[in-house]
Amino acid sequence: MDELVAQAREVQAQAHVPYSDYPVGAALRTVDGTVFVGCNIENANYSNSLHAEEVAIAEAIKQGHREFDRLVVSSARRDGVTPCGMCRQTLAEFCDDSLEVVCDEGDTVTAYTLGELLPNTISEEMLE
C-alpha cells in the first residue's frame, strides 16, 4: 500500500464526526517530500466544519510550504471520495493544475489532476 494512502487512512482515527459518522483523512505531500495530514472536524453548525484537505493544507501553509505534488483523500468507507468543490478551490489557491489527487477505493485508487477536478478555477488573475 502506498505510504500516503496509509497516512490518510491512519489519521481518520482522529476525525471528529459525531453527526455524519463519515471520517475522512487526507495526506498532502510537498515537493520536498514533507507530508501533512488532516482529518475532518465536524461542528453542530455544519458550515463551521473543517474538511480533511483544508486541515492538511492549513498546517502546511502555516509551516511555510507552498509547493505540493500529491494529495491522497480517504474515507473509512473506501468509496473513492474526491475533494468537495470548496476544498478544490482552496487547493487551487496553493497548487497548480498538475497536483495529483488520489482517491482511495480500498483495494485500488483513482488518480486525477486538480485541473481535471476543477477546470477554469477562480484565480488571482481573474480578480485583477
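The sulfur of Cys103 has its closest cysteine sulfur in Cys87, 12 Å away, so the two are too far apart for a bond. Cys103 is also buried, because its relative accessible area is 0%. This is a predicted model.

What does a search of the whole structure turn up? It finds zero disulfides. Cys84 is in no disulfide either: the nearest cysteine sulfur, that of Cys87, is 3.7 Å away. In general terms, a disulfide is a covalent bond between the sulfur atoms of two cysteines. Cys84 is partly exposed, with a relative accessible area of 28%.

| Residue | Relative accessible area | Class |
|---|---|---|
| Cys103 | 0% | buried |
| Arg70 | 12% | buried |
| Cys84 | 28% | partly exposed |

Now turn to Arg70. Buried or exposed? At 12% relative accessibility, Arg70 counts as buried, because the cut-off for buried is under 20%. Arg70 lies in strand S3, which covers residues 68-75. Which residues does Arg70 touch, leaving aside those up to four places away in sequence? They are Asp2, Leu4, Ala27, Leu28, Arg29, Leu99, Glu100 and Val102. With one of these, Asp2, the side chain of Arg70 makes a polar contact of 2.7 Å. Ala27 is another of the touching residues. Ala27 and Arg70 are 43 residues apart along the chain, yet their C-alpha atoms are separated by 8.2 Å.

Next comes helix H2, residues 52-62. Which of its residues are buried? They are Ala52, Glu53, Glu54, Ala56, Ile57, Ala60 and Ile61. What covers them? The cover includes strand S1 (24-30), strand S2 (35-39), S3 and helix H3 (85-94). S3 is also the strand that holds Arg70. Just after H2, Gly64 takes a positive phi of about 90 degrees.

Last, the pockets. Rolling a probe the size of a water molecule over the atoms shows where empty space is left. The largest pocket has a volume of about 240 Å³. How many residues line the largest pocket? There are 15, and Tyr22, Val24, Asn40, His51 and Glu53 lie nearest its centre. By class, the lining of the largest pocket has eight nonpolar, five polar and two charged residues.

Technical notes
Residues numbered from 1 in each chain as written. Predicted model: local features only at pLDDT ≥ 70, side-chain atom pairs only at ≥ 80, totals over all residues. Heavy atoms only, no water. Helix = DSSP H or I, 4+ residues; strand = E, 2+ residues; numbered from the N terminus. Buried < 20%, exposed > 50% of the residue type's maximum accessible area, 1.4 Å probe, protein only. Contact = heavy atoms within 4.5 Å. Polar contact = N/O pair within 3.5 Å; in protein donor to acceptor, adjacent residues only side chain to side chain. 1 Å grid on protein atoms, 1.4 Å probe; cavity = no way out; pocket = protein on both sides within 12 Å on 5 of 7 lines; lining within 4 Å. Points joined across faces, edges and corners; volume = space filled by probe spheres on them. Nonpolar A, V, L, I, M, F, W, Y, C, P; charged D, E, K, R; others polar. Disulfide = S-S within 2.5 Å.
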